[in-house]
Amino acid sequence: MNSMKKYIAECIGTFVLVLFACGVAAVTGCIFPEAGYIATALAFGLVIVAMAYSIGNVSGCHINPAVSIAMLVSGKMTVKDFIGYIIAQFAGATAGAAALWYFLGSKKALGQNGLYNGDIVKSLLIEVVLTFVFVIAILGVTSKVENGKVAGLVIGLSLTLVHLLGIPFTGTSVNPARSFGPALFVGGEALSNVWVFIVAPLVGGVLAALVYKFLDKAE
């Protein structure tokens, strides 16, 4: 039952992330491009802060497969929970994108990601680096119990940071579930290229876990 509560929490958290953060991207991006970048970056960060202090005590508030795979590699979660989290996150992201589509009345812009200048390799590298920075920040701030009160704020600000840089390039994924939900409904290039935004964040998450494990042992 405890595991099911974790999965439900992850589903809710990812639903909120996609609905609100991708929603801000969808409603501001085309009208006010520069302001839209900042608003979207803040939206993603603020959702993480809100969810961290609401469901963090239940599931740890991963709401991101890249974070979950980093925790798995770090030995902080079981394979069973990892699978449960992934399913819950993708389900929540899909539901969030569906709700956003319904509210907007259009599926043309749901905050989907896109390749940078059509370059797959460059887009992969950008997403790996962005995810690496985000996840290693999470691993660092959650490594000490005394950081518990500020962890959600630090993680939210870290996500805002990577979005401020990444939005003009790929729209910033750093989260396979967040990318999959909108792409599923938008279709076309968003869906055909979504594998980039699934693979790259997972690679970035694994690299962050391995590097942090090395640095932590070095101390």
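Is D81, with its relative accessible area of 10%, buried or exposed? D81 is buried, where buried means under 20% relative accessible area, exposed means over 50%, and partly exposed lies in between, as found with a 1.4 Å probe on protein chains only. The legends below concern a predicted model, in which local features need pLDDT of at least 70 and side-chain atom pairs count only at pLDDT 80 or more, while totals for chains, interfaces and linings use all residues. Residues are numbered from 1 along each chain as its sequence is written, and side-chain values use heavy atoms, with hydrogens and water left out.

**View 1. The salt bridge of D81 and K6.** The side chains of D81 and K6 meet in a salt bridge with an N to O distance of 3.7 Å, the term standing for a side-chain nitrogen of Lys or Arg within 4 Å of a carboxyl oxygen of Asp or Glu. A search of the whole structure finds one salt bridge. Because D81 lies in helix α4 and K6 in helix α1, the pair ties together parts that are 75 residues apart in sequence; helices here are DSSP runs of H or I with at least four residues, numbered from the N terminus. K6, at 26% relative accessibility, counts as partly exposed. Side chains of opposite charge can pair when their charged atoms come close.

**View 2. The largest nonpolar core.** This core has 48 residues, and those with the most contacts inside it are L17, M51, I63, F134, V135, L139 and L159. A nonpolar core is a set of buried Ala, Val, Leu, Ile, Met, Phe, Trp, Tyr and Cys residues joined through side-chain atoms within 4.5 Å. Several helices, including α1 (2-28), α2 (33-59), α5 (120-141) and α6 (148-170), each supply at least two residues of the core, and the largest share, nine residues, comes from α4. In soluble globular proteins, nonpolar side chains tend to be buried together.

View 3. The 22 residues of α5 should span 32 Å at 1.5 Å a residue, and the end C-alpha atoms are 32 Å apart, which agrees; the expected span is 1.5 Å times one less than the number of residues. At the start of α5, a side-chain oxygen of D119 reaches to within 3.1 Å of the backbone nitrogen of V121. Among the buried residues of α5 are S123, I126, L130, F134 and V141. Leaving aside neighbours within four places in sequence, F134 is in contact, meaning heavy atoms within 4.5 Å, with N64, V67, I155, S158, L159, V162 and V174.

View 4. L130 has its place in helix α5 and, at 5% relative accessibility, counts as buried. Not counting residues up to four places away in sequence, L130 touches V162, L165, G166, T172 and V174. L130 and P201 are 71 residues apart in sequence, and their C-alpha atoms are 8.1 Å apart in space. T160, found in helix α6, counts as buried at 10% relative accessibility, and beyond residues up to four places away in sequence T160 touches A41, L42 and G45.

**View 5. Two aromatic pairs.** A search of the whole structure finds five aromatic pairs, where rings of Phe, Tyr and Trp (its six-membered ring) pair if their centres lie within 6.5 Å, with planes under 30 degrees apart counted as stacked, over 60 as edge-to-face and the rest as tilted. W101 and F185 form a tilted pair, 5.4 Å centre to centre and with 55° between the planes, and this pair links distant parts of the chain, with W101 in helix α4 and F185 in helix α7, 84 residues apart. W101 is partly exposed, with a relative accessible area of 33%, whereas F185 counts as buried at 18% relative accessibility. The rings of Y116 and F169 have their centres 4.9 Å apart and their planes at 70°, so the pair is edge-to-face. Because Y116 lies in the loop between α4 and α5 and F169 in helix α6, the pair ties together parts that are 53 residues apart in sequence. Y116 counts as partly exposed at 21% relative accessibility, and F169 is partly exposed, with a relative accessible area of 30%.

Conventions: Polar contact = N/O pair within 3.5 Å; in protein donor to acceptor, adjacent residues only side chain to side chain.
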